Amino acid sequence: MVELEKEVLPLPPRYRFRDLLLGDWQADDRVQVEFYVNENTFKERLKLFFIKNQRSSLRVRLFNFFLKVVSCLLYIVRVLLDDPREERDCPGCLRQNVSAHNRSHFDWSLIIWVNRPLPLWALQVLVAFISFSETMLLVYLSYKGNVWEQVLRIPFILEMISAVPFVITVILPSLRNLFIPVFLNCWLAKHALENMINDLHRAIQRTHSAMFNQVLILISTLLCLIFTCICGIQHLERAGNNLTLFDSLYFCVVTFSTVGFGDVTPQIWPSQLLVVIMICVALIVLPIQFEQLAFLWMERQKSGGNYSRYRAQTEKHVVLCVSCLKIDLLMDFLNEFFAHPRLQDYYVVILCPAEMDVQVRRVLHIPLWAQRVIYLQGSALKDQDLMRAKMDDAEACFILSNRFEVDRFAADHQTILRAWAVKDFAPNCPLYVQILKPENKFHIKFADHVVCEEEFKYAMLALNCVCPATSTLITLLIHSSRGQEGAAGSVDQWQRTYRRCAANEVHHIRLEESKFFGEYQGKSFTFASFHAHKKYGVCLIGVRRMDTANILLNPGPCHIMGASDTCFYINISKEENSAFVRGHREPVRGPGGESRGVPQTIYHGLTRLPVHSIIASMGTVAIDLQDSSDSSPEGTGPAALGSGTVSRSGSRTEVGGCNTLALPAMGGSAEERRHSIAPVLEVVDRVHNPTFDLLGDQSEDEGGEEGKEEEGGEQKGQWWGAHCEWVKGYPLNSPYIGSSPALCHLLQEKMPFCCLRLDKACHHMPYEDARSYGFKNKLIIVSAESAGNGLYNFIVPLRAYYRPRKELNPIVLLLENVPEADFLEAICWFPMVYYTVGSIDNLDSLLRCGVTLADTMVVVDKESSMIAEEDYMADAKTIVNVQTLFRLFPALSIITELTHPANMRFMQFKVKDHYSLALSKLEKKERERGSNLVFMFRLPFAAGKVFSVSMLDTLLYQSFVKDYMISITRLLLGLDSMPGSGFLCAMKITEEDLWIRTYGRLYQKLCSSTGDIPIGIYRTEAQKLPVSESQVSITVEDYEDTREPREPLLCRSGLHRNSTSSEPPSSSSSSSQAMDHPLLRRKSMQWARRLSRKGGRGSSGAKGVGSAAERISQQRLSLFRRSERQELNALVRTRMKHLGLSPSGFNGMTDPGNRLSYILINPSPDTRLELHDVVYLIRPDLLSPVPNQAGARKPSAGPAEGNRFDTQDSTHL
């Protein structure tokens, strides 16, 4: 039964009951149906083969073109074999002198009949028959109901003229020598060539440019005209001069070129008529072709044409995609990209949807860029334009956002779509993307390198508040400098030193391949960093293990250098472009007459050499090496450091509550005084550092008693409430996706939104101004248009866990628009962060937010003002507002962001400042030289008081050569925090630290005590200016005859530039009145004095009236005696009283005087330290787990047992 069930077939889905009964449903009666796209008739199949199918049609047209060319060649062979003398009446004569006869009488038989050999005739008949058959077949297949449309076509008529007579000669052999104009087949060959090109484009699915087609048509038309004229003149002149083909060619070239020598001319009227006809045809056809070619050429100039595929396969190129190309953006990219020697052979293809403007066109016509830069007008969203740019063969694609767009979110959205389109079209092409808003960054995580403008900008501005001129430091590091900026025009010593140090860049090399660091394999990182700087003048700042992609900045003394480590160092040139010269010690007689080997100088490194030998692109760098047999510089020996707890702060490095740079206690001999710095250990045994407490603060124990007394004694401490307890942890609410986690100081409980408003009281805090809060540290005020998510990156670096609690500055956000709840939710966990609503151009808003209590004012460029009708006018409002701030509060440190770097010359602008005018001339010379940093000598930039976000563009460009630059910059700015990687901080040199004397000894002191790596110095000097109206103090007494003795002019001038004092000049009565006093008040003073004298001459009867007039005149005189500084101070005090603020704290800010500040990156070890120098440090990570190194220390490291590092306990988060 089971077998029967298996044999029964399943029923079909649809069946009839009759079929079940009859059993017919089991038979397979299905019929296969074939579907055709076209009709399956014979005509349609032929039409598909000859016309519709691209590949077969291309073959047919190629065969047709070949037939026409063969027919023309057979005609030329016939002409060469033809001899018209055989058909003349007088066979002996070579030529007839037709000029002696009438031009109207000639032998027509020589024109009608020719001599055609039989084999040649057979070939011509075969070719003609095949061409005629093909033509008739195509006419039949193309017939659409109107036969005259096919018959009256010019190609069909020419085919009938050149093919039908040969078919007739087969029937009538007597007509075999009849002349047939076969040379007209050249026009049919031209027509076949055009159709063949079109079919070729359809077959290979690839289109050439319209310029190529038009040039091909023009050349073929010109060749057909010349060939027709040559053959026609030659044949007609058989009855005349009997010209050869070469004579006809010579005549046509001379005639069409309008030269017309006249040595060869047509002699009979048919040939003359043909010349006239051909000239008329040429005058009609050729101008039309040239017009179309010129139009296409102009359009191609606008769109940029194509990038050659042959060049793309043989040469290297990168593509720059922008939505709007500005001349500044273009020059920054070209100067930075081609600054590297190995990129000189690259091509740059610019893909921009906008038409090229006049300035860009003018620059691209310069021979320096004309052969290397190609502009294509097109969109990155179109595959055709990406194909024109040969994106799939590009080495890299740079996609830049338009920061001048009104809607920055819309600009980011366009950038995201461009990145997606390029990734879809060319998945293997590396992407370098610039984004504006941080919340859009996660959309382009697939890109190889991403630079978020607002992230870097706010982090850089934040570090500027605690580490001065961080923006200038980063800008100089990411620029490729030739080291020759200001080489010819620098007169001051600070410019020469600043120029040399500004040429330092970040380079990399593997340790086993390096001469700088190869000898330090198996030694500690700090040992390698110090000795490499001492011996070669290079600053080792970080490493990267071979098995990881993370870069570690200053991993600490417990990191042992391995052969496979990649070392990152700061130097003027990379090691591959350096030459090494070993220095020798000279014997120096000691006091006792014995000779000892002492180096002649401390350092003869890179900075002592001529500039032309320093630059990598100009040649190799010669480095003078010292004999570094000693492991420490002069005066090193056993250390006498205290064995207290190491406390690392943002501005001081302390040991046991004392400065680690302080001089140890004096011993019984002078030798102990010299041996004050411990040597740097080769291998660290243990790190003496207590367990880092996440919930506490190392600096809280120092002033804990005082803090408790103040908190208990003051009533102001009640506002803190439950929020007084701080913890260290990761922020709970990030305002955008993609922000790196950072360990920060946080509140244990978030602050209510109402308490974040500084200028409005609530039931938690009854204060309405900054002074009422009683902050111990000075404020940091940030003026911005709105609270964007990028502003979050300004707060995080200033609340980092490694900054001591007692040194945290309150942050006040001065916003023009009320922030949204999402932003408030993100910042309410940070301590001492507030906001006010106001504008920077409103004095009342500034006073409410506590500008008189502020140390730093950060002015962020407004997004709404970035668009201006005139270039460089986008910063006009910001510059004027900052100038007003500078005049009202001259002691306030103002950090300004500008849209255009060229506008920084207007910061703290003084009309008659001769020194600024000299710097302006220096900048013009640098611009003429093509320098990458024409603004580097401007005092605001050198001091770090001004910053432009366009300076960050070079970071993206330089990452093409140095792919690690973005990671290193993010680590320096605190945007990323890798476990085991250090951070950037600063330390100020005080009078107690001057015993160290030089930068090299400071390097050793830091490496041997705390493991810090110094990378540069921020130096402030007094500026010695020429005597001018803007620098000399002018008082009223200088113009009036008074009894008070005048102060000498030199005493009122600025401090000497070599003075180490950074204190402002004394604010005496004369100096306070001297600030910016207008000369126009001299006449007003004289008028007031004359008025008072007239009042005193009145009669005694009018004594009361005279006394009132005298009182008024004295008041007026006192008003005119006031300086502009006093007027501004009075204005501020008046507004403070009007707002109900106490003016007691405002004592009239004075100008700090003529001082200049600049940065020295990686200075030489013999650089002298000066008072108030700020040293940039890369400090090891306080949370990094340090293993216990059991290896023994080498004896050459020194016998200082008290300075050994202890093992740092790891902290698990």
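Modeller: Axes are lines fitted to C-alpha atoms, for helices over the stretch in contact, and angles run from 0 to 180 degrees between N-to-C directions. Helices (H or I, at least four residues) and strands (E, at least two) are DSSP runs, numbered from the N terminus. The model is predicted: local features need pLDDT of at least 70, side-chain atom pairs count only at pLDDT 80 or more, and totals for chains, interfaces and linings use all residues. Residues are numbered from 1 along each chain as its sequence is written, and side-chain values use heavy atoms, with hydrogens and water left out.

Biologist: At what angle do the axes of α3 and α4 cross?

Modeller: Helix α3 covers residues 42-52 and helix α4 residues 54-81. Their axes come within 6 Å. Angles under 35 degrees count as roughly parallel, over 145 as roughly antiparallel, 65 to 115 as roughly perpendicular and the rest as oblique. The two helices are therefore roughly perpendicular to each other, with a crossing angle of roughly 70 degrees.

Biologist: Which residues in α4 meet α3?

Modeller: Contact means heavy atoms within 4.5 Å. From α3, the residues are Leu48, Phe49, Phe50, Ile51 and Lys52; in α4 they meet Gln54, Ser56, Ser57 and Val60.

Biologist: Is Glu453 buried or exposed?

Modeller: Glu453 lies in helix α19 (residues 453-466). Not counting residues up to four places away in sequence, Glu453 touches residues including Arg403 and Arg408. Buried means under 20% relative accessible area, exposed over 50%, partly exposed in between (1.4 Å probe, protein chains only). At 3% relative accessibility, Glu453 therefore counts as buried.
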